[in-house]
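Walk through this model with the coordinates open.

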Amino acid sequence: MEQEARPMKVSEMIRTYYPAYYKWETYPADRCACIRKTTDEWGVLHNMAATPLSVEGVSFKCCETLFQLMKFKEEEVVTDVYRRNNKKWAQHWEKQGRRREDWGMMIVDALKFCLQTKYEQSEAFRQELARSKGLYIVEDETGRKSTSYGVRRNGNCYEGSNLLGRLLMELRDEGRLTYQLPADALHFAEILKANVTK
């Protein structure tokens with residue numbers, strides 16, 4: 001019996017499909033706007049911050065919920081993840097092999113889409129991005145096992161891939177993130193309109 005291939009980790013997907021974003025960065029700690037918790041100073045920049053969004057007529061409590069739902073196409077999974085509104089439950093379905101097959105090829109574009117949507121719909125988010133001008137934005141994951149999106153403190157510096165922080169700085173400085181998504185990238189919204197948000 002043939003063994004099922006192990007799902008790619010986030011870092012592997014980025015290295016394979018988005019090599020321009022696969023790099024290690026170093027930032028002076030005293031010049032950083034650090035994203036840690038939603039209740040901290042820069043909390044509204046966190047993907048879990050309570051900044052309600054609407055996409056294709058469906059409401060989402062935060063940017064992270066939207067991002068997690070973009071991983072799936074199956075009705076059962078989409079409705080379950082939306083109802084539970086829990087990142088860990090999305091990870092549960094991923095471990096069951098239910099993530100869309102092309103997720104690695106769209107992961108960074110999906111994150112860009114979510115951040116751009118948040119930028120367009122949240123005044124508080126736009127204001128905090130503007131306030132961070134002149135600082136490096138970093139997602140501080142010091143003490144966590146994974147740093148797929150963020151950085152860890154090392155002496156007077158933060159080091160790591162800082163994918164989220166780099167995209168936020170790009171959005172702040174350019175006013176827009178460009179992305180290219182597959183035609184069915186927002187299919188989950190149609191599922192939700194039909195099954196959850198009637």
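Begin at Cys62, which is buried, at a relative accessible area of 6%. Buried means under 20% relative accessible area, exposed means over 50%, and partly exposed lies in between, with a 1.4 Å probe and protein chains only. This is a predicted model: local features need pLDDT of at least 70, side-chain atom pairs count only at pLDDT 80 or more, and totals for chains, interfaces and linings use all residues. Residues are numbered from 1 along each chain as its sequence is written, and side-chain values use heavy atoms, with hydrogens and water left out.

How many disulfides does a search of the whole structure find? The search returns zero. A disulfide here is a pair of cysteine sulfur atoms within 2.5 Å. For Cys62, the nearest cysteine sulfur belongs to Cys63 and is 7.3 Å away. Cys157 is in no disulfide either; the nearest cysteine sulfur, that of Cys32, is 8.4 Å away. Cys157 is partly exposed, with a relative accessible area of 24%.

Now the interior. In soluble globular proteins, nonpolar side chains tend to be buried together. Here the largest nonpolar core has 58 residues. Such a core is a set of buried Ala, Val, Leu, Ile, Met, Phe, Trp, Tyr and Cys residues joined through side-chain atoms within 4.5 Å. Leu45, Phe60, Met70, Leu115, Leu168 and Phe188 have the most contacts inside this core. Helix H5 (residues 103–121) gives the most to it, with ten residues. Helices (H or I, at least four residues) and strands (E, at least two) are DSSP runs, numbered from the N terminus.

Leaving aside neighbours within four places in sequence, Phe60 is in contact (heavy atoms within 4.5 Å) with residues including Pro52, Leu53, Tyr82, Phe188 and Leu192.

Next, the helices. In H1 (residues 10–17), Glu12, Met13 and Ile14 are buried. The buried residues of H1 pack against H5 and H7.

Then look at H3 (residues 75–84) and H4 (residues 87–95). Their axes come within 8 Å and cross at roughly 160°. That makes H3 roughly antiparallel to H4. Axes are lines fitted to C-alpha atoms, for helices over the stretch in contact, and angles run from 0 to 180 degrees between N-to-C directions. Under 35 degrees counts as roughly parallel, over 145 as roughly antiparallel, 65 to 115 as roughly perpendicular, and the rest as oblique. From H3, the contact uses Glu76, Val77, Asp80, Val81 and Arg84; from H4, Trp89, Ala90 and Trp93.

Two loop residues remain. Glu56 sits between strand E3 (53–55) and strand E4 (58–60). Its phi is near 55°, a positive value in a residue other than glycine. At 43% relative accessibility, Glu56 is partly exposed.

Asn162 lies in the loop between strand E7 (157–160) and helix H7 (163–174). Asn162 is not a glycine, yet its phi is positive, at about 50°. Is Asn162 buried or exposed? At 0% relative accessibility, Asn162 is buried. Its C-alpha atom is separated by 9.8 Å from that of Tyr27, 135 residues apart along the chain. Not counting residues up to four places away in sequence, Asn162 touches Tyr27, Ile137, Val138, Glu139, Tyr149, Gly150, Val151 and Met169.
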